[in-house]
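Please open your viewer, switch to a cartoon view, and get ready to select a few residues.

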Amino acid sequence: MPRPLPLPIRQAIWHRHQRGQNVITIAHALNFPPRTVRHLVRRFQLRGELALAPSHRRRSAPSSDVEDEIRQEALALRQQHPTWGARLIRVILRRQRAEALPSERTLQRWFHKGGLGPAPAGRRPMPNPQRAQVAHAVWQMDAKERVKLKTGTQVSWLRIVDECSGAVLWTAVFPPRELGTGPARGGASRTASGFSALGASCTLPR
């Protein structure tokens, strides 16, 4: 925001306007842009002598202690929310503080000096549209073998997870063993050990 003209200059413009001088004459005499003089003359015409006082006060810059406090808050917000940019963080600070705030560019310099890289550009990636949207529509099976525990023992495990909810439906942990071919075992069931049948299969609506 531009600094208001000093009161003596505003008074000089006011007195010249009262004596009937036009905007161009006053601007040339006082070496000011005609636009500035024209703006003040309009204010004088609307408010009279009350327009001599500036209509706004320039906000003072924060003290060094307050500026350091604002810097620490900005850095904390950036660390807690790595995807937030300087513009958004400045908006958040504006809601929390009444003091004059540094510019967006100043915040970016603070983040750079603090070892915080710029926020990623663009929008966040959308979720995979192929992911199941209904519970039990798709199950994911994951297996690990020869996982070394803290005791030195190796185990293998098999896990089944519902893709939609992420819920773990079943997990089995067992010692590693070699796979081999052999005759089919009689009495095999379509339901794995530890599972209860969910009923007849059906085609889910698309």
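**A walk through the sheet**

Begin with the three strands that make an open sheet, ordered β1-β2-β3 with antiparallel pairing. Here strands (E, at least two residues) are DSSP runs numbered from the N terminus, and two strands pair if DSSP finds at least two bridges between them. Colour β1 and β3 (168-174): these are the edge strands, each pairing on one side only. From one strand to the next, the twist averages 10°, taken from axes that are lines fitted to C-alpha atoms, with angles from 0 to 180 degrees between N-to-C directions.

This is a predicted model, where local features need pLDDT of at least 70, side-chain atom pairs count only at pLDDT 80 or more, and totals for chains, interfaces and linings use all residues. Residues are numbered from 1 along each chain as its sequence is written, and side-chain values use heavy atoms, leaving out hydrogens and water.

Next, select residues 139-148 (β1) and 154-162 (β2), which pair in the antiparallel sense over eight bridges. Show D142 and find its bridge partner in β2, R159. Then show Q140, which stands opposite V161 in β2.

Now move to the hairpin of β1 and β2, with five residues between the strands. Click on G152, which takes a positive phi near 95°.

Last stop: T151, in the loop between β1 and β2. Is T151 buried or exposed? T151 is exposed, with a relative accessible area of 67%; exposed means over 50%, buried under 20%, and partly exposed in between (1.4 Å probe, protein chains only).

How values were computed: Helix = DSSP H or I, 4+ residues; strand = E, 2+ residues; numbered from the N terminus.
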